[in-house]
Amino acid sequence: MFTDGSLKNIGKDNISMAFGVVVEAPDKAYYTAISGKMSGSASSTKAELGGLLAGILVSPRNKLTTIHIDNKAVVTQFRKL
């Protein structure tokens with residue numbers, strides 16, 4: 001599972017945050033499991049965290065899942081929980 005978040009148009013009126021979760025299917029193809037936009041105070045870390053939380057929500061219960069994320073701040077904060 002791969003998660004990501006993005007923050008676009010920083011400093012402009014049309015600033016936006018979004019996230020996505022991509023998973024590997026049994027046939028080794030990749031597909032988007034969930035994606036969406038976020039509101040509130042804009043932050044790239046907040047967008048990445050949204051992707052991580054969405055990934056956790058779509059993970060199958062009782063199955064080991066590896067989540068790949070590219071944001072060290074989110075990983076550091078998540079490990080503190």
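Glycine 50 is buried, with a relative accessible area of 14%; buried denotes under 20% relative accessible area, exposed over 50%, and partly exposed the range in between, with a 1.4 Å probe and protein chains only. This residue belongs to helix H1, residues 44-58. The structure is a predicted model, in which local features need pLDDT of at least 70, side-chain atom pairs count only at pLDDT 80 or more, and totals for chains, interfaces and linings use all residues. Residues are numbered from 1 along each chain as its sequence is written, and side-chain values use heavy atoms, with hydrogens and water left out.

When residues up to four places away in sequence are not counted, glycine 50 touches Phe19 and Met38; a contact requires heavy atoms within 4.5 Å. Methionine 17 lies 33 residues from glycine 50 along the chain, and the C-alpha atoms of the two are separated by 9.5 Å.

## Secondary structure and sheet

The chain contains two helices and three strands, arranged along the sequence as β-β-β-α-α. Helices (H or I, at least four residues) and strands (E, at least two) are DSSP runs, numbered from the N terminus.

The three strands form an open antiparallel sheet in the order E1-E2-E3. Its edge strands are E1 (2-8) and E3 (30-38), each of which pairs on one side only. From one strand to the next, the twist averages 20°; axes are lines fitted to C-alpha atoms, for helices over the stretch in contact, and angles run from 0 to 180 degrees between N-to-C directions. Strand E2 (residues 16-24) runs antiparallel to E3 and is joined to that strand by eight bridges, whereas pairing as such requires that DSSP find at least two bridges between two strands. Within this pairing, valine 21 has isoleucine 34 of E3 as its bridge partner.

## Overall dimensions, burial and charge

The C-alpha trace spans about 40 × 30 × 20 Å along its principal axes. Of the 81 residues, 23% count as buried. Among contacts between residues at least 6 apart in sequence, 42% join residues at least 24 apart.

The chain exposes about 5,900 Å², of which carbon and sulfur atoms supply 55%; accessible areas come from the Shrake-Rupley method with a 1.4 Å probe, and for residues only the protein chains shown count as cover. There are 10 positive and 6 negative side chains, and the centres of the two sets lie 7 Å apart. Lys and Arg count as positive and Asp and Glu as negative, while His and the chain ends are not counted. Each charge is placed at NZ of Lys, CZ of Arg, CG of Asp or CD of Glu.
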